[in-house]
Amino acid sequence: MAQVEATTERIIAADAETVFDALADYSGTRAKVLPEHFSEYEVREGGDGEGTLVHWKLQATSKRIRDCLLEVTEPTDGQLVEKDRNSSMVTTWTVTPAGEGKSKAVVTTVWNGAGGIGGFFEKTFAPKGLARIYDAVLDKLAAEVQK
């Protein structure tokens, strides 16, 4: 099993604290910025950053739907880590200042991929697909915080 990684980033015209607070707001903003690939969104515990337990289904392709139950931690300032209880998937959101009134949001997801030929295709195509999904999240996040 090889580790698979998908990363995308965006400069957002809002300060880092505003962007981070919006990402960490699972009971409000986060649900608004998820594209159609996410369904059955539900905050089960907490709702604001560290200590949140959130559920959703992520439909990466027409046939690939992942049932996610994510524990949220904040290991360092400006960082949210979502660890899926149902798989090896870990998504890390990092928000840092990027000049006056701007911030850089980076999202990286890693997981243990399949072996064999299926693993080859997963490692080749899944990162691009997931990056497109997270690009859509960052687009909607930017629109939300730049209002």
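**Salt bridges and core in a predicted model**

Q: How many salt bridges are there by this rule?
A: The count comes to 8 salt bridges, a salt bridge being a side-chain nitrogen of Lys or Arg within 4 Å of a carboxyl oxygen of Asp or Glu. This is a predicted model, in which local features need pLDDT of at least 70, side-chain atom pairs count only at pLDDT 80 or more, and totals for chains, interfaces and linings use all residues. Residues are numbered from 1 along each chain as its sequence is written, and side-chain values use heavy atoms, with hydrogens and water left out.

Q: What does R30 pair with?
A: R30 forms a salt bridge with E82, at 2.8 Å from N to O. R30 lies in helix 2 (residues 29-33) and E82 in strand 5 (residues 79-84), so the pair ties together parts 52 residues apart in sequence; helices (H or I, at least four residues) and strands (E, at least two) are DSSP runs, numbered from the N terminus.

Q: Is R30 buried or exposed?
A: R30 is buried, at 1% relative accessibility, where buried means under 20% relative accessible area, exposed over 50%, and partly exposed in between (1.4 Å probe, protein chains only). E82 is also buried, at 1%.

Q: And which residue does R10 bridge to?
A: R10 bridges to D139, with the closest N and O atoms 2.3 Å apart, and this pair links strand 1 to helix 3, 129 residues apart. R10, D135 and D139 are linked in a network of salt bridges.

Q: Switching topic, which residues touch the most other members of the largest nonpolar core?
A: They are I12, F38, W56, L80, W93 and L141, out of 35 residues; such a core is a set of buried Ala, Val, Leu, Ile, Met, Phe, Trp, Tyr and Cys residues joined through side-chain atoms within 4.5 Å. Helix 3 supplies the largest share of this core, 8 residues.
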